[in-house]
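Please prepare a short briefing on the structure below.

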Amino acid sequence: MDQTLIESGTDGGAALMPHPDVAPSSGGIAAGVLMCVMSMSSIQFGSALSSPIINAYGPAGATWLRLVFASAALAIIVRPKIMSYSRSQWIGVLALGTVSALMTTSFFSAIARIPLGLTVAIEFLGPLLVATLGFGLSRQLMWPVFAAIGVLLLAYDGEEWVGNWPGILFAIGAGAGWACYILLTKKVGNAFKGLEGLSMSLLVAAVVSTPFGFASAAPHLTAFGLLEIAGLALLVPLLPYVLEMVALRRMPTSSFGILMSLEPAIGAFAGFVILSQPMTPSQMFGTALVVAASIGATVFATKR
């Protein structure tokens, strides 16, 4: 994918600020690969483990709670200088925070209705389309077409369609949010030092989600539930961000982009292991098509 655009986690995950391509250090690539796999696993297994939280507090409530804990933890670490930012910086974090809240709510709403693997594959179409359109209307449009075929295969288990329209629409909304999120992340990353932009956008996202999530979650909160949510908030997005940031210092962004293309497959695997969502051979082939399309777009971008 276009390395100036696609340097971001999923769903739901952490924003990666743009980084220059770096020369691989001796022995660093293997460690970087391991960190990428750990990051993607953290995101997808964290999403799968969020299923009980979503059932207990609703998608909006689960989104709000996770964002509150994640934003508070990162704010303590980063200590953003809230009163020192310019108007343009505030506009950037307000936009990114709002998109983050809506994207996460849409993603949780989708996985509450349709399988995780299908949700991630549909969501992946958003950044894939952004990367492809960056090259204009050319034959590179074949990559999102291949991915869309893969999504159709994922949506049919050989006997019936496994998705439902509300779930699919929420997944599409999450994909559109992810596409916007990538573009906004680039802008915010250039406007702030270090992790301040990410910290501020998470704080905004927590505030934006409060009117929708508080009423859904507050009546059902328990002490154990709060501890569980705090752990999930660290699992996604804080841990993936740290892992990805360190990985990018050890390997070229082109290699990073290819590895991150495996995320739909890891999402499908997490759905199988945690949520008992099996896949037929045709659905596995559909997942492979989505992954192959993402890798193809990434490889093409590195040759530009």
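The points that follow are grouped by topic.

This is a predicted model, in which local features need pLDDT of at least 70, side-chain atom pairs count only at pLDDT 80 or more, and totals for chains, interfaces and linings use all residues. Residues are numbered from 1 along each chain as its sequence is written, and side-chain values use heavy atoms, with hydrogens and water left out. The chain has 11 helices and zero strands, where helices (H or I, at least four residues) and strands (E, at least two) are DSSP runs numbered from the N terminus.

**Fold and surface**

- Along the sequence the pattern reads α-α-α-α-α-α-α-α-α-α-α.
- Of the 304 residues in the chain, 52% are buried; buried means under 20% relative accessible area, exposed over 50%, and partly exposed in between (1.4 Å probe, protein chains only).
- Among contacts (heavy atoms within 4.5 Å) with a separation of 6 or more, 88% join residues 24 or more positions apart.
- The chain has an accessible surface of about 13,000 Å², and carbon and sulfur atoms hold 72% of that area; the areas come from the Shrake-Rupley method with a 1.4 Å probe, and for residues only the protein chains shown count as cover.

**Largest pocket**

- The largest pocket holds about 200 Å³ of space.
- Its lining has 13 residues, and those closest to the pocket centre are Ile-122, Val-151, Leu-152, Ala-155 and Ile-168.
- Helix H4 (116-133), helix H5 (142-154) and helix H6 (165-191) are the elements that each give two or more residues to this lining.
- The lining comprises 11 nonpolar, two polar and no charged residues; Ala, Val, Leu, Ile, Met, Phe, Trp, Tyr, Cys and Pro count as nonpolar, Asp, Glu, Lys and Arg as charged, and the others, Gly among them, as polar.
- A pocket is, on a 1 Å grid over the protein atoms alone, an open set of points where a 1.4 Å probe fits, with protein on both sides within 12 Å along at least five of seven lines; lining residues have an atom within 4 Å of a point.
- Grid points are joined across faces, edges and corners, and the volume is the space filled by probe spheres set on the points.

**Salt bridge**

- The structure holds one salt bridge, a term for a side-chain nitrogen of Lys or Arg within 4 Å of a carboxyl oxygen of Asp or Glu.
- It joins the side chains of Glu-196 and Lys-81, at 3.9 Å from N to O.
- Glu-196 belongs to helix H7 (residues 196-217) and Lys-81 to the loop between helix H2 (51-78) and helix H3 (87-111), so the pair ties together parts 115 residues apart in sequence.
- Glu-196 is buried, at 13% relative accessibility.

**Selected helix residues**

- Ser-42 sits in helix H1 (residues 28-49) and is buried, with a relative accessible area of 6%.
- Leaving out residues up to four places away in sequence, Ser-42 touches Leu-235, Val-236, Leu-239 and Pro-240.
- Pro-281 is in helix H11 (residues 281-302) and is exposed, with a relative accessible area of 67%.
- A distance of 9.7 Å separates the C-alpha atoms of Pro-281 and Leu-154, which are 127 residues apart along the chain.

**Positive phi in loops**

- Arg-79, a residue other than glycine, has a positive phi near 55°.
- Arg-79 lies in the loop between H2 and H3 and is exposed, with a relative accessible area of 66%.
- Ser-276, also a residue other than glycine, has a positive phi near 55°.
- Ser-276 is in the loop between helix H10 (263-275) and H11, and counts as exposed at 57% relative accessibility.
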